[in-house]
Amino acid sequence: MLNMNYEIDNTDRRIIYELDLNARMPTTKLSKKLRLSREKVNYRINNLVSKGIIRKFVTMINPVKLGYSIYKMFFKFQNLNKEKEKEMISYLIKNNYVYWVALAQGRWDLNLTVFAKDINHFDEILSEFISKYGKYILEQEFNTTLEVGILSKNWILEKNSTERKIFRFGGRVENIPIDKTDIEILKILANNGRMNSTEIARKINSTERKVIYRMKNLEKIGIILGYTTSLNLDLLDMQFFKATINLNLLSPEEKRKLIEYCKIIPNLGFFVFCVGSWPFEAEFIVKNNKQFYDIIDEFRQKFPEIKGFETIIFPKEYKFDWMPLCYSTED
C-alpha cells in the first residue's frame, strides 16, 4: 500500500522517470526539463529517498564484460521452517557470487541469480548450496541467461509512451582487463549511482579528473551500461510478476519482433532470453493480477507460437547488487 504520509504526485513521477533514464543527471539539467527550481527538485529527490520510494541509485554493470556468465536458480522447498529459511537467506546474501535473491510465489518459493566464470564454477556454487540445504529442496530448476533487456520505467508515468529506452547486456564472455581503481569505482557506483565524482575520488584516494576519465572509459567499453533507480514497489502500490514462457525455437526475425513488441508494453520491465526449460522470460511491474493476465493474453494473441507460461510473483527482494564481491583484480 502507498505510504499514507506521502503520496507521490505527477512531479514526483516525472522526476523518477528521468532519473530512471539517467540517475546521474545533474539537478540543474533536471530542473530545466521539469521547469522547476533546483531547490524544489533537490527537495523532491531527497524526499523520495528519505521516504524509501527510491531505494537506491544503481549502476548497471555488464558481468559478461568482466568474465562472468549469468545463471538463474529456482527452488521449491519442503519442511523449511522460518528459522532455517532465515539462515538460508542470510547465506545467499553473503555469497560473493549471488547478484539477486527474491522470495517467490507460484510454482517456486525462491529465485536467485548467480554470476559464475563458467558452468563448472556454477556447479560448484550450486553444489555448495545443495550440500547445506538440499534436504529442504523439493524441486529445482536453473537456466543460463543469454541476453537481458532492461526497459525504462514508462509505467511510472501512468500513460503509454512511444519513446522507450532499453539497456541490453549478455552475449559472449569477454573478460576485459580492469585494474584496482576501476573496481573500486564500480563497487561504489553499483549502489550509489548518483554519487558525484569528487566524493568518489575522496573515497578511493584519487583525483576527480581520474575518476571522470575512468568512468567514461568504463562506459565506452560497455562495462557500465547506464545509471538508474531501484524503487520500493510496495510504496508505489505495484507488484513484480515474471512469466516464464515456452515457445517454439525463435528465428532471428521472430526474436526481433518479440523485442519490438516488448518495447511497446509500458509495464514490461525486463525480458530475458535463456537456455533451459524455457527460452524466454518477461518481467512486469503491474497494479494487480488482472493487469498482468490482461497483458499476457494480448501477448499470446500476438505470438500464437507460445505453447504455455508459468507465473511467478516476487513479494520480497532480499538482495540486488550489480557488483557482488566476486569481482577482484585477481580473477
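**Entry 1: strand β8.** I started with β8, residues 239–247, and asked how many of its residues are buried. Seven of the nine are, so I noted the strand as mostly covered; buried means under 20% relative accessible area, exposed over 50%, and partly exposed in between, with a 1.4 Å probe and protein chains only. I took strands as DSSP runs of E with at least two residues, and helices as runs of H or I with at least four, numbered from the N terminus.

Next I looked up the partners of β8. Strand β10 (residues 280–286) runs antiparallel to β8, with seven bridges joining them; two strands pair if DSSP finds at least two bridges between them. T244 has E281 of β10 as its bridge partner. Strand β11 (residues 306–320) also pairs with β8 in the antiparallel sense, over seven bridges. There I found F241 opposite I313.

A note on the source: this is a predicted model, in which local features need pLDDT of at least 70, side-chain atom pairs count only at pLDDT 80 or more, and totals for chains, interfaces and linings use all residues. Residues are numbered from 1 along each chain as its sequence is written, and side-chain values use heavy atoms, leaving out hydrogens and water.

**Entry 2: E147.** I then moved to strand β5 (residues 137–151), where E147 lies. Is E147 buried or exposed? E147 is buried, at a relative accessible area of 13%.

Which side chains does it meet through polar contacts? The E147 side chain reaches that of R168 at 2.6 Å and that of K255 at 3.2 Å. A polar contact here is a pair of N or O atoms within 3.5 Å; within protein, one must be able to donate a hydrogen and the other to accept it, and residues adjacent in sequence count only if both atoms are side-chain atoms. Beyond four places in sequence, I also listed the contacts of E147 (heavy atoms within 4.5 Å), among them F169, G170 and F271.

**Entry 3: helix α3.** My last stop was α3, residues 38–50. Its buried residues are V41, I45, N47 and L48. Seen down the helix axis, they fall within an arc of 160 degrees (taken from the directions from the axis to the C-beta atoms), so they line one face of α3. They pack against α1 (10–21), α2 (27–34) and β1 (54–61). On the other side, E39, Y43, N46 and S50 are exposed. Just after the helix, G52 takes a positive phi of about 85 degrees.

Definitions and conventions. Expected span 1.5 Å × (residues − 1).
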